[in-house]
Protein chains: 2
Amino acid sequence: MAEADLRVQGFMDRHYRPVTATIVTRLRAIVGEGHVYDDPAALLDYAHDEVAGDEYVHMPEVVVKPATAAEISQIMRLANRERIPVTPRGAGSGLSCGAVPVYGGIVLSLERMNRILEIDRENMVAVVEPGVVTNDINEAVSEYGLFYAGYPMSVELCFIGGNVAENAGGGRAIKYGVTGRYVLGLEVVLPTGEIVQLGGKRVKDVTGYDLLHLMVGSEGTLGIFTRIILRLLPLPKARAVLLIPFADVPTAIRAVPMIMTQGRIIPTSIEFMDRLSVQTAYDYIGERLPHPDIGAMLLIEVDGYSESQVEAEYNAIVDLCLEAGALDVYVGNTPAAERRIWRPRQEMAEAFKAVCPVQSLEDIVVPLAQIPDLMPELERLSQKYDVLIPCYGHAGDGNLHATIVKQPGTSMEEWREKLPVILEDLYHVVARLGGTISGEHGIGSKRARYLPLVMDPTLITLQRRIKQVFDPLNILNPGKIFPEMPGGEEGR
Amino acid sequence: MAEADLRVQGFMDRHYRPVTATIVTRLRAIVGEGHVYDDPAALLDYAHDEVAGDEYVHMPEVVVKPATAAEISQIMRLANRERIPVTPRGAGSGLSCGAVPVYGGIVLSLERMNRILEIDRENMVAVVEPGVVTNDINEAVSEYGLFYAGYPMSVELCFIGGNVAENAGGGRAIKYGVTGRYVLGLEVVLPTGEIVQLGGKRVKDVTGYDLLHLMVGSEGTLGIFTRIILRLLPLPKARAVLLIPFADVPTAIRAVPMIMTQGRIIPTSIEFMDRLSVQTAYDYIGERLPHPDIGAMLLIEVDGYSESQVEAEYNAIVDLCLEAGALDVYVGNTPAAERRIWRPRQEMAEAFKAVCPVQSLEDIVVPLAQIPDLMPELERLSQKYDVLIPCYGHAGDGNLHATIVKQPGTSMEEWREKLPVILEDLYHVVARLGGTISGEHGIGSKRARYLPLVMDPTLITLQRRIKQVFDPLNILNPGKIFPEMPGGEEGR
């Protein structure tokens with residue numbers, strides 16, 4: 001741990017108090033005997049999210065599972081009185097350590113608050129608790145001809161509350177936008193315990209500052225969501241997926257704006273995979289590559305309200321891609337064919353974990369047209385630091401999951417020393433190209449120390465002060481987003 | 001003026017200092033001789049926006065017209081040192097007194113910053129200065145097959161900077177959302193003079209709190225925008241407009257969710273006009289009503305990327321509306337016919353001003369399905385207080401411009417006494433129906449005193465404190481959004 005980090009740790013350890021047996025008793029009185037856990041085996045499950053690496057594991061002192069906003073309010077008031085940090089947690093499927101209790105204390109799991117409270121067809125909204133699995137919302141509303149358009153890749157696992165906290169993106173953002181676009185209202189327990197209502201079942205609202213969307217993406221640092229009002233859309237009636245191999249990255253990427261500006265089509269998804277990603281994913285699922293000369297691949301989905309419209313759109317995309325130099329085009333317009341085409345993309349993260357679990361899954365974003373400038377830089381980093389850097393992600397958004405993967409021959413000690421150097425180098429490149437360090441995974445504690453590389457100190461100070469407005473004692477999810485000040489002067 | 005208002009005025013008059021000849025000289029040194037105005041005739045143009053009524057007029061002490069962010073930064077530093085309020089101003093087409101200098105001081109007009117700086121076709125963004133007329137953006141980008149989807153009704157007059165400050169909505173929000181959806185980046189001069197960059201040419205960004213969208217809709221109280229990066233979309237290739245008379249309001253409103261849930265179509269616009277609005281608008285433009293038995297009317301626009309898709313959509317809407325009880329349907333699918341159908345809606349505000357200029361144009365929003373519950377309440381208010389309340393607006397969003405219009409026989413004294421009572425009554429109704437007091441016009445100084453009727457005091461306090469984080473001396477656009485505290489304890 002660096003010296004500054006040690007100073008911060010020391011300050012925070014003095015700032016917070018331990019969870020005593022008395023506190024545990026009080027927590028039991030609030031949420032009920034059976035919903036407080038403090039045995040080490042149970043705590044371990046709540047000590048990490050999906051970020052790989054022992055250095056990202058932090059044990060909570062106690063886990064509580066409240067069932068209502070009123071219980072959460074009491075927990076927050078207790079935590080403020082006793083100066084105990086509280087880390088809210090959804091499904092634990094995050095990729096930035098947002099739900100990891102870096103200073104110990106209480107992990108507040110929302111898993112019991114998992115009800116779909118209302119499906120209001122007339123107003124086209126769903127009202128849900130934060131612990132509902134995102135995909136379950138779609139299963140519930142599809143029978144009414146409606147759908148929820150948020151679509152993180154972990155949709156069958158993640159909780160909607162976590163999606164809102166991280167402003168999750170995913171594979172359909174190019175057409176449908178990210179989670180925040182669909183959040184019309186939130187019930188929030190503030191860090192100091194007040195329960196407030198933001199927004200409602202209304203699609204327009206300029207009554208005061210947009211606190212609702214300040215909450216969205218605040219990574220559990222400004223409030224705990226206890227009820228979420230989501231806008232629904234009419235369910236598309238038709239869909240098709242295209243798998244399009246190209247000989248190289250620049251040719252593939254050049255096709256993307258052509259589809260939108262020349263074709264005047266906004267596809268539902270435009271996913272990108274470089275050669276290494278394609279090879280690794282197809283090896284992992286045990287299938288042959290769709291074309292022997294693949295240097296890059298696009299996976300494009302279109303949807304719409306008639307078969308004929310979708311067919312017209314995908315035919316236009318096929319023509320444009322072939323004109324742009326595609327090696328071939330495969331069309332999937334049956335559910336089975338669609339699943340088959342999507343499978344390598346969906347298994348991608350697992351595929352790389354199987355190759356080497358020691359890696360850093362990145363979430364950089366650059367302007368779409370700058371992707372071709374990014375690729376040689378990834379190649380340079382890969383050579384310079386002797387790592388693999390496969391790159392895949394949401395090409396339509398410029399949001400790429402470049403993944404720094406340790407070579408088998410590199411020792412863990414060497415890896416731990418060089419990873420921060422590689423990340424600094426990468427983040428400088430991204431900033432120079434007009435991008436930033438996270439498009440959808442969040443900063444959490446994983447990237448907090450790198451924030452100053454891409455953000456003006458004035459903006460970091462403003463954010464610390466906003467945090468302080470909501471959470472004067474820094475009780476709710478400390479250690480996330482911005483680096484703690486060594487002396488704790490700010491944000492206290 | 002109420003006693004509390006007088007106390008606030010007194011406090012603020014002591015808090016701020018007058019604009020002296022020395023200050024005017026310094027302003028001239030910053031922006032150049034010819035760009036500072038202090039003669040009363042010139043000042044009068046900057047003393048009001050489009051809200052009618054002498055009580056909303058407040059004279060600035062001086063008007064400055066800077067040309068760069070650096071000049072604005074110097075002005076803000078000077079204003080902080082000298083404690084002079086600064087009110088930023090776009091085209092002055094606002095409807096909530098957001099650009100009116102309620103405590104005098106400096107009006108900072110952005111009218112000279114009117115350049116389209118860049119049209120980046122590959123990234124599908126435009127970079128513009130705040131003083132560009134919104135419609136001019138579309139004129140500039142259409143040749144590239146692109147369009148900017150923000151569409152306030154004053155699109156040919158208003159400035160894009162004002163649209164961002166108010167998070168302007170308008171007639172296409174049901175399909176395309178409001179201004180904020182298209183704001184990817186902002187250069188902002190903070191109230192204390194720092195120049196910061198938020199966002200960029202990227203469609204996804206979760207790096208820290210969403211300060212970008214906290215700025216959007218902050219009504220010129222948190223910063224002055226000097227450069228705006230806007231997302232563009234592919235320009236639709238086809239469009240059609242439907243004019244659909246109904247016998248009564250409930251029948252018309254019931255058709256709206258049917259179109260979206262049964263028809264699975266999101267139209268570009270669903271505009272609503274009640275009988276009184278229809279009659280007044282057609283009288284004003286000198287045309288006959290489209291049907292003798294009109295009790296309400298919908299104006300529905302669809303657009304898309306092929307003639308056949310648009311035709312399929314409007315045919316489906318026609319069938320659904322006739323099934324729902326429409327009296328007739330008129331289709332406009334040539335530019336001339338479209339203009340003719342839109343004209344009464346576009347002339348609506350002017351039509352009512354011609355009938356009686358003494359009125360309060362409201363901007364309430366309720367959940368779509370609650371519009372039929374709102375209508376009898378408007379009728380009740382109209383009877384109880386002896387006023388006309390025509391109602392028109394964006395039915396697809398539940399955002400209705402109910403307009404309280406003085407009867408010719410009512411004296412101005414009586415009107416001034418009863419208007420606040422009517423508004424309180426109306427706003428209580430709106431809150432009870434799950435709505436709020438502004439969907440797109442903003443709170444400004446016109447509605448600030450009513451904010452506590454629809455918003456939890458905890459949320460108002462949080463907003464005051466956020467304002468204080470950005471603007472410790474309350475220099476930038478004071479008196480807007482939240483009521484000033486009589487003693488000025490908060491927000492100082």
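Contact here means that heavy atoms lie within 4.5 Å of each other. The model described below is predicted.

**The seven-stranded sheet of chain A**

The strands belong to an open sheet of 7 strands in chain A, with the order 15-12-14-13-18-19-17 and antiparallel pairing. Strand 15 (330-332) and strand 17 (364-365) of chain A stand at the edges; each has a single partner strand, so one side of each has no neighbour in the sheet. For strand 15 of chain A, antiparallel pairing with strand 12 (residues 238-246) of chain A is made through 3 bridges. Within strand 15 of chain A, Gly332(A) is the residue opposite Val241(A).

**The four-stranded sheet of chain A**

Another open sheet in chain A has 4 strands in the order 1-2-4-3, and its pairing is mixed. Its edge strands are strand 1 (36-37) and strand 3 (86-89) of chain A, each of which pairs on one side only. Helix 4 (residues 69-82) of chain A packs on this sheet and touches strand 2, strand 3 and strand 4 (106-109) of chain A. The direction of helix 4 makes about 170 degrees with that of strand 4 of chain A. Strand 1 and strand 2 (residues 62-64) of chain A run antiparallel and are joined by 2 bridges. Val63(A), in strand 2 of chain A, has Tyr37(A) opposite.

In chain B, strand 3 (residues 86-89) is covered on both faces. Val86(B) and Pro88(B) are buried on one side, and Thr87(B) and Arg89(B) are buried on the other. This strand pairs in the parallel sense with strand 4 (residues 106-109) of chain B over 4 bridges. Pro88(B) has Leu108(B), in strand 4 of chain B, opposite.

Helix 9 (residues 249-261) of chain B is also mostly covered, with 11 of its 13 residues buried. Among the buried residues are Val249(B), Ile253(B), Pro257(B) and Thr261(B). In an α-helix there are 3.6 residues a turn, so residues three or four places apart point the same way.

**Two interfaces**

Chain A is divided into four parts: domain 1 (16-111), domain 2 (116-234), domain 3 (238-348) and domain 4 (356-432). The centres of domain 3 and domain 4 of chain A, taken over C-alpha atoms, are separated by 23 Å. The table sets out this domain pair and the pair of chains.

| Pair | Residues in contact | Area buried | Share on carbon and sulfur atoms | Salt bridges |
|---|---|---|---|---|
| Chain B and chain A | 87 residues and 87 residues | about 6,600 Å² | 64% | 4 salt bridges |

On the domain 3 side in chain A, Ile253(A), Phe272(A) and Leu276(A) lose the most area to domain 4, together 37% of what that side buries. Between the chains, Lys204(B), Tyr209(B) and Arg264(B) supply 16% of the area that chain B buries against chain A, more than any other three residues. In one salt bridge, the side chain of Glu440(B) meets that of Lys204(A) at 2.7 Å, N to O.

Terms used. Residues are numbered from 1 along each chain as its sequence is written. Chains are lettered from A and ligands numbered from 1 in the order in which they are written. This is a predicted model: local features need pLDDT of at least 70, side-chain atom pairs count only at pLDDT 80 or more; totals for chains, interfaces and linings use all residues. Side-chain values use heavy atoms; hydrogens and water are left out. Buried means under 20% relative accessible area, exposed over 50%, partly exposed in between (1.4 Å probe, protein chains only). Two strands pair if DSSP finds at least two bridges between them. Axes are lines fitted to C-alpha atoms, for helices over the stretch in contact, and angles run from 0 to 180 degrees between N-to-C directions. Domain bounds come from an automatic or database domain assignment. Buried area is the accessible area (1.4 Å probe) that two parts lose on being put together, summed over both.
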